[in-house]
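Biologist: I would like a close look at a single part of this model. Please take me through it slowly, as I have not seen it before.

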Amino acid sequence: MKDIFALLKKGSIASLTAAIVNLMIAGLKGAAFLFTANVAMFAEMMHSLGDAINQFFVFIGSSLSKKAPTKRFPFGFGRLVNLVVLFAIVVVAILSYETVKEGIHHIVEPLPTETDTAMLLINIGVLAVAASLEGFVLYKAGKELLQHAEQPYDGIKPLTLSYRYMNRAKPATKLVFLEDTVATSGALLAIIAILIGRFTGFAQSEGIASVIIGLMMFFIVYKVFMENAAGVLGESDPHMEQRISQIVLRHDEITDIQKLFVLKEGDDLHVEIVAETDPDITVEHANEIRDEIEALILEQNHVVDVNTEFEVDDGRRTWPKTVKEMDRKTKNNKKH
């Protein structure tokens, strides 16, 4: 039991927060449905409930992916989080389809616009609270995302800068961030659509808003599915490869890199290096160099193991960038 709780503590906080908040929102929308008998609000309640269950499974998957390697699975269970996210994104795809389908139905056969002021205020109030809560989760997920990317996360940066570094987020965090981007903007869009329908008589506005939200969700399905499918197959991390190559080449006795790749296993990173060095160094000194380099690499976020081999310098440049070129690129990126 202690082992299970230890694993759960390592799960995605963003996913757990999203699950709890969506459960609260589902309860709020359910209460609104009981008062207003609004069918659309019932659909929103089921949507939020589905999101809550979805994110809870993602949290469990992200926790189990931290399980230590075993004899049968020597590389650990890192890719489990990619499998769980793939399952979760199928649920999102179904919800996306239903959202677009319902929207088209309301465009073709629009419902009468709400004329009861009390009911209107309840619907808008519930959506406003939902937008606020979803915005809170979005902010927390953005903050977690920037922490993974080792970027500043003060002020409103989690709501602005996060989109620039989204490709460096963990799978579970990225799913929460993208889902809550749509959920927050969707709630605001729904409020606008209700107001347009009420004050202009354009009854199709809610249907159009529903279609737009559904299409935004389909974009998330495509993006997250493709990235996690690559994660299940096993993909490299170019950003970390660049950083580790800088660490290796900065060592005075490393002349070149023949091979370097960083393999993603969920949140974990496995590093393989074949570097070139002077042929005259002793085996003992080569081991010292290896220990120095591997110690620095293991300090990097999410790196769990490093395998380093040495070859004699062949006099040819294999690695495409020198340290000076990489340092110059890093400085230029920081300026922008």
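Which element gives the most to the nonpolar patch?

Modeller: This is a predicted model, in which local features need pLDDT of at least 70 and side-chain atom pairs count only at pLDDT 80 or more, while totals for chains, interfaces and linings use all residues. Residues are numbered from 1 along each chain as its sequence is written, and side-chain values use heavy atoms, with hydrogens and water left out.

H4 gives the most, with three residues. Helices here are DSSP runs of H or I with at least four residues, and strands are runs of E with at least two, numbered from the N terminus. The patch is made by Ile104, Ile107, Val108, Ile192, Ile196, Phe202, Ile208 and Ile212, and covers about 650 Å². Two or more residues come from each of helix H4 (80-108), helix H7 (171-200) and helix H8 (205-233). Patch residues have over 30% relative accessible area (Shrake-Rupley method, 1.4 Å probe, only the protein chains shown as cover). Nonpolar side chains (Val, Leu, Ile, Met, Phe, Trp, Tyr) are joined within 5 Å, and like charges within 9 Å.

Phe202 lies in the loop between H7 and H8. At 39% relative accessible area, Phe202 is partly exposed, since buried means under 20% and exposed over 50%.

After H8 comes Gly234, with a positive phi near 105°.

Conventions:
Salt bridge = Lys/Arg side-chain N within 4 Å of Asp/Glu carboxyl O. Buried < 20%, exposed > 50% of the residue type's maximum accessible area, 1.4 Å probe, protein only.
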